[in-house]
Amino acid sequence: MTAVQVPGTPVIADGRLVSTSPATGAEAGRLPVATVEEVERAVARARTAGQWWAGLGFDGRRARLLRWRAVLAQRIEELAELIHVEGGKPVGDAVVEILTAIEHIDWAARNARRVLGPRRVRSRLILAEFSGHLEYQPHGVVGVIGPWNYPVFTPIGSAAYALAAGNAVVLKPSEYTPVVGQWLVDAFAEVVPEQPVFTAVHGLGDVGAALCRSGVDKLAFTGSTATARKVMAACAESLTPVLVEAGGKDAMIVDADADLDAAAEACVWGALTNAGQTCIGIERVYAVAPVYDEFVGKVVARAERLTVGPDGADLGPITMPSQLDVIRRHIDEAIAAGGRAVLGGPAAVQPPYVHPTVLVDVPESASAIREETFGPTVTISRVADADEAVRRANALPYGLGGSVFGRRDAVSIARRLRSGMASINSALTFAGMSTLPFGGVGDSGFGRIHGEDGLREFGRAKSVTRRRARSLLPSMTFERTPTDVARIIKVTKALYGRR
């Protein structure tokens, strides 16, 4: 039996995880598989390293994180090529992914002190003799379980913010892209050689489970909703707090006054970039009746021009071979239920590739609308108005991102979407904006990365009060007198008794 059977499928041979290209089967690298004991030792080493890292203070961490950022920028071609080889992603898309990750490292490093550092908080009149102080202290060791579809951008969205907050990080990259994950760790070690502040453990799902149970102080997970539930169950055994970014089935709404050319361009990008393997990808579109036919035509005209293949193409292979069955099933069931493929269709599935597929007239009960497809397919549905579009968009338990195209009512429509994020007259752009939090609701998870909320996610709020003077209204003492109680009652009525 050969070590690799299906290109792209991770295989363990002689205690090492073998990673291969889903397009060609070429080996990307081999990494040692961690045992449970090795995971625990990695966390123990990280705990000591984390104390040293926290002791550097915000300025020391900022300087080192900015040097790490510079390494990624200087070697962007090398890393992009590795992403392409290991996961099949087109090099151009990989470059954009790395650029976005670099921006997040830069922002987290430069803003951690402002967001997390000690500051004074105003007290109220009832406790005027005390001053309030707030700071965010590191958790200690943060475990990060990363995905394969964005093996740089997504784990860095947690790791960079956790590191900026003063934590050590142990990364478990996806078994489909472990070499990329190890590259990130090695690059960090070049600029922080003193301690194992950012390390990686490799293996299949059992290694991820071991990390959940290893004693990390917090765990950040990105992956499917089903796996998220398993992660939460494992972390619940030790009350380890978790941050979860799970699945998505994001919708785009196209209103009557939308710029249809811009909407079609964004739809094709949002649905088909990375061969549709994007958690915040556009998988459903609801276009109002007056513009529906024209919009569908514009989407098809753009999507049919895209090329598919291993090198230099717009769309690469499906990274996880088993996902091909899901994509095929969704297309077949949609057509069996009365839907039509105006582009692509069942014949579009040509392993390891899937060609762009646009489905219309698909009933809302079909799996192509209700389940995450994670492939280069999109359904476009006709609706009477924006109200119906919002109702349909919000009907699923997912709630990650979304998109709205229109003019007059676009903002109000976006606010009504049950999602953690939304783009107006664009798609996916909230992911690259380092000043905004990223995360979902419902079956799409909870907690936030990126932005100020992302920094606070990796710090523990520490509140401190300090007495400045004698209490005029002594309440928290057994020394209070009946006169003090009467005065407290009088002040309470004066301050709070008016309706």
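Modeller: Helices (H or I, at least four residues) and strands (E, at least two) are DSSP runs, numbered from the N terminus. This is a predicted model, in which local features need pLDDT of at least 70 and side-chain atom pairs count only at pLDDT 80 or more, while totals for chains, interfaces and linings use all residues. Residues are numbered from 1 along each chain as its sequence is written, and side-chain values use heavy atoms, with hydrogens and water left out.

Biologist: Let us begin with the sheet of three strands. What is its order?

Modeller: The order is β1-β2-β3; the sheet is open and its pairing is antiparallel. The edges are β1 and β3 (27–32), and each has a single partner strand, so one side of each is left without a neighbour in the sheet. On average, neighbouring strands of this sheet are turned by 30° against each other, direction ignored.

Biologist: Over how many bridges do β1 and β2 pair?

Modeller: Three bridges join β1 and β2 in the antiparallel sense. Val11 has Val18 of β2 opposite.

Biologist: What lies in the loop between β1 and β2?

Modeller: Asp14 lies in that loop, between β1 (11–13) and β2 (16–20). Although Asp14 is not a glycine, its phi is positive, at about 55°.

Biologist: Which helix lies across β2 and β3?

Modeller: That is α6, which runs at about 65° to β3. Axes are lines fitted to C-alpha atoms, for helices over the stretch in contact, and angles run from 0 to 180 degrees between N-to-C directions. Contact means heavy atoms within 4.5 Å.

Biologist: How are α2 and α6 packed?

Modeller: Helix α2 (residues 57–74) packs with helix α6 (residues 178–191) at an angle of about 125°, and their axes are 9 Å apart. The two helices, α2 and α6, are therefore oblique to each other. Angles under 35 degrees count as roughly parallel, over 145 as roughly antiparallel, 65 to 115 as roughly perpendicular and the rest as oblique.

Biologist: Which residues of α2 and α6 meet?

Modeller: From α2 there are Arg64, Leu65, Arg67, Trp68, Val71 and Leu72, and they meet Trp183, Leu184, Ala187, Phe188, Glu190 and Val191 of α6. By class, this contact of α2 with α6 has nine nonpolar, no polar and three charged residues. Here Ala, Val, Leu, Ile, Met, Phe, Trp, Tyr, Cys and Pro count as nonpolar, Asp, Glu, Lys and Arg as charged, and the others, Gly among them, as polar.

Biologist: One last topic. Where is the cis peptide bond?

Modeller: The cis bond joins Pro351 and Pro352, with omega of about 5°. Pro352 is in the loop between β14 (349–350) and β15 (353–354).

Key: Pairing = 2+ DSSP bridges.
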